[in-house]
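Grab your viewer and follow along.

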Amino acid sequence: MATVKIVWASMSGRNEQIANFLNEYFMQKGAIVDMSEVSQTDAEDFANYDIDVVVSYTYHQGELPDEAADFFEDLKTLDLTGKVYGLTGSSSSKHKYFGRALDYYDEVFQQIGATKGSEILKIDEDPSAEDLKKLRQFADDLLAAV
Ligand SMILES: Cc1cc2nc3c(=O)[nH]c(=O)nc-3n(C[C@H](O)[C@H](O)[C@H](O)COP(=O)(O)O)c2cc1C
């Protein structure tokens, strides 16, 4: 049975809801899931799961949420060889650097040896029915990659 860690960052609630949606879907599929908010999470926890997921918004001018700074720095020091990762989250295409926090995470996961189990899934503001379908596919891809 696959184990999944979901770390989320959310200011106004969209990404928390997306994390909850993924949590429920992974559980339906028989995975064992743990979920936590980024500022309450040790990056090292990712080493204890088969699949590592980050659900995050983008802030400022295409930057990470402030509360993710420590987590992000610690992540860079890990070796996640053999782990599967996935990146998703709601941000807004009204901004110049749409969802760029996810691209920054992608660079780090690559550097620390993890395997991308699904393409980055950027959601524009509130998830549409189509986005929910893509989120299910995202989770299925990650489970299939383990
Ligand atoms: C001050 C501010 C700056 C933002 N900057 C960006 C940005 O650079 N790129 C982007 O894609 N979205 C940006 N956003 C949009 C948020 O990422 C988006 O509203 C997201 O859905 C918020 O998620 P949450 O409900 O989980 O907090 C910004 C929002 C605010 C309020």
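H60 counts as exposed, because it has 12 C-beta neighbours inside 10 Å. The scale here works on C-beta atoms placed from the backbone: 20 or more others within 10 Å of a residue's own make it buried, 12 or fewer make it exposed, and anything in between is partly exposed. H60 sits in the loop between β3 and α2 (69-75), and its phi is positive, about 50°, although it is not a glycine. For background, most residues other than glycine have a negative phi.

E125 is another case: not a glycine, yet with a positive phi of about 60°. You'll find E125 in the loop between β6 (121-124) and α4. E125 is exposed, since 12 other C-beta atoms lie within 10 Å.

## Ground rules

This is a predicted model, so to speak of a local feature takes a pLDDT of at least 70, side-chain atom pairs count only at pLDDT 80 or more, and totals for chains, interfaces and linings use all residues. Residue numbers start from 1 along each chain as its sequence is written. As for element names, helices (H or I, at least four residues) and strands (E, at least two) are DSSP runs, numbered from the N terminus.

## Where α1 meets α4

Helix α1 (residues 14-28) packs against helix α4 (residues 129-145) at an angle of about 50°, and their axes are 10 Å apart. Those axes are lines fitted to C-alpha atoms, for helices over the stretch in contact, with angles running from 0 to 180 degrees between N-to-C directions. The pair is therefore oblique, a label left for whatever is not roughly parallel (under 35 degrees), roughly antiparallel (over 145) or roughly perpendicular (65 to 115).

On the α1 side the contact uses I18, F21, L22, Y25 and F26, while α4 brings L132, L135, R136 and A139. Contact requires C-beta atoms, placed from the backbone, within 7 Å. By class, this contact has 8 nonpolar, no polar and 1 charged residues. Nonpolar covers Ala, Val, Leu, Ile, Met, Phe, Trp, Tyr, Cys and Pro; charged covers Asp, Glu, Lys and Arg; the others, Gly among them, are polar.

## Around the ligand

The ligand has 20 residues around it, and S10, M11, R14, N15 and S91 come nearest. To be near, a residue needs its C-beta atom, placed from the backbone, within 6 Å of the molecule or strand in question. Both α1 and β4 (84-91) supply at least two residues each to this shell. Its make-up by class is 5 nonpolar, 13 polar and 2 charged residues.

V54 belongs to strand β3 (residues 51-55) and counts as buried, because it has 29 C-beta neighbours inside 10 Å. Beyond its neighbours within four places in sequence, V54 is in contact with V7, L87 and Y105. G89 is 35 residues from V54 along the chain, with 7.8 Å between their C-alpha atoms.

L78, in the loop between α2 and β4, is partly exposed, given 19 other C-beta atoms within 10 Å. Setting aside neighbours within four places in sequence, L78 is in contact with A43, E44, F46, A47 and I112. E119 lies in the loop between β5 (115-116) and β6 and is also partly exposed, with 14 C-beta neighbours inside 10 Å.

Definitions and conventions:
Contact = placed C-beta atoms within 7 Å.
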